[in-house]
Amino acid sequence: MDNLVKVHGGGGYDSDFSDDEGQGEPSERGLKRKREEEILQKPFQKGRHSQAAHRSFHSNELDREEARNRRAHLISMNAFERHKKFVADYILYYGGQMADFRRSGASDKTDMDVLRENHRFLWRDEDEDDMTWEKELAKKYYDKLFKEYCIADLSRYKENKFGFRWRTENEVINGKGQFQCGNKRCEQQEGLKSWEVNFAYVEHGEKRNALVKLRVCPECSLKLNYHHKRKEVKAKTKTKRLSENTEPPKKKKKKRKRASSHSKKHKHKDKHKRHRDRSSSSSSSEKSQNSDKDSEAGDERGDQSGADHWRGPAPAVEEKSREEEFDDYFEDMFL
């Protein structure tokens, strides 16, 4: 009680809890007003006593955002465009002329310009003698191309002028030139035929020719053979492939020689047939005995061959390697 009640000099009693809002703790009316303000306050509304951010903080955030945008813009440009932008900014801020920054002599070239100047349809050993960095760049691009089938430009077929190039990786994946017509402006997939074309072209002032394969639809085949007939490439049958792989040409000649000698023997026997008919009965009996002996000997040989079959281990069968199996699988795909 001593802490709550104070005795003043006037003789009266007073309490620390008064109804005035300015003194002591808030009254019930003040608490009620505060609750109403909290209820009516919007979610995005700031409080009365919330302080705004300082001006320096706002400027720093703007500088950071501008730096991010500039960095993204510079990354999106290539080296030459970035160089031109820096030169233009230098002239804008420090003054000067663009002629002062131009290079004397050689003109600016891109990688595509270098490839077009040094590209070759077929690279030979002679072309790789004096290799520069431009030729090495063109050779690396050439090594990445697929040289089984060609892509053709038949737009000027009436003039007997054709354009050929090798396929890129995306065209191989999409089947362009093999399962889809090899004409540049055709997407036909049915009735494709393979043609062998002797492609004559002029490259770096030198005449060259190359034997290439092209796979096109019937309509584009007419365009390709508009002036003269090309050689059609057809798939070999399975029996022909097996006969070529298993039977060499030397053995065929031997068989023919044996057959000719066998026919000569038969002719010789027919000539002397009359002399054999006039032979005596003793000779005929001897022949019959000899024939019986030969038949018995043949039976014995057959028995021996059957017994020999079970004597030793089975003959080893050569298994095909993985590369040979892949070659057999892809043999029909590439004509």
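**Exercise 1.** Which residues are buried in helix H5 (residues 133-143)?

*Solution.* Start with the model. It is predicted: local features need pLDDT of at least 70, side-chain atom pairs count only at pLDDT 80 or more, and totals for chains, interfaces and linings use all residues. Residues are numbered from 1 along each chain as its sequence is written, and side-chain values use heavy atoms, without hydrogens and water.

Next, apply the cut-offs. Buried means under 20% relative accessible area, exposed over 50%, partly exposed in between (1.4 Å probe, protein chains only). Helices (H or I, at least four residues) and strands (E, at least two) are DSSP runs, numbered from the N terminus. In H5, Ala 138, Lys 139 and Tyr 142 are buried.

**Exercise 2.** Work out how the buried residues of H5 are arranged and what they pack against.

*Solution.* Look down the axis of H5. Its buried residues fall within an arc of 105°, so they line one face of the helix. The arc is taken from the directions from the helix axis to the C-beta atoms. Now turn to the face away from the buried side: Trp 133 and Lys 140 are exposed there. Finally, list the partners. The buried residues of H5 pack against H4, strand E3 (146-153) and E4; contact means heavy atoms within 4.5 Å.

**Exercise 3.** Does helix H1 (residues 28-40) lie largely in the open or is it buried?

*Solution.* Count the buried residues. Of the 13 residues of H1, the number buried is zero, so H1 lies largely in the open. Then check the span. H1 reaches 19 Å from its first C-alpha to its last, close to the expected 18 Å, which is 1.5 Å times one less than its number of residues.
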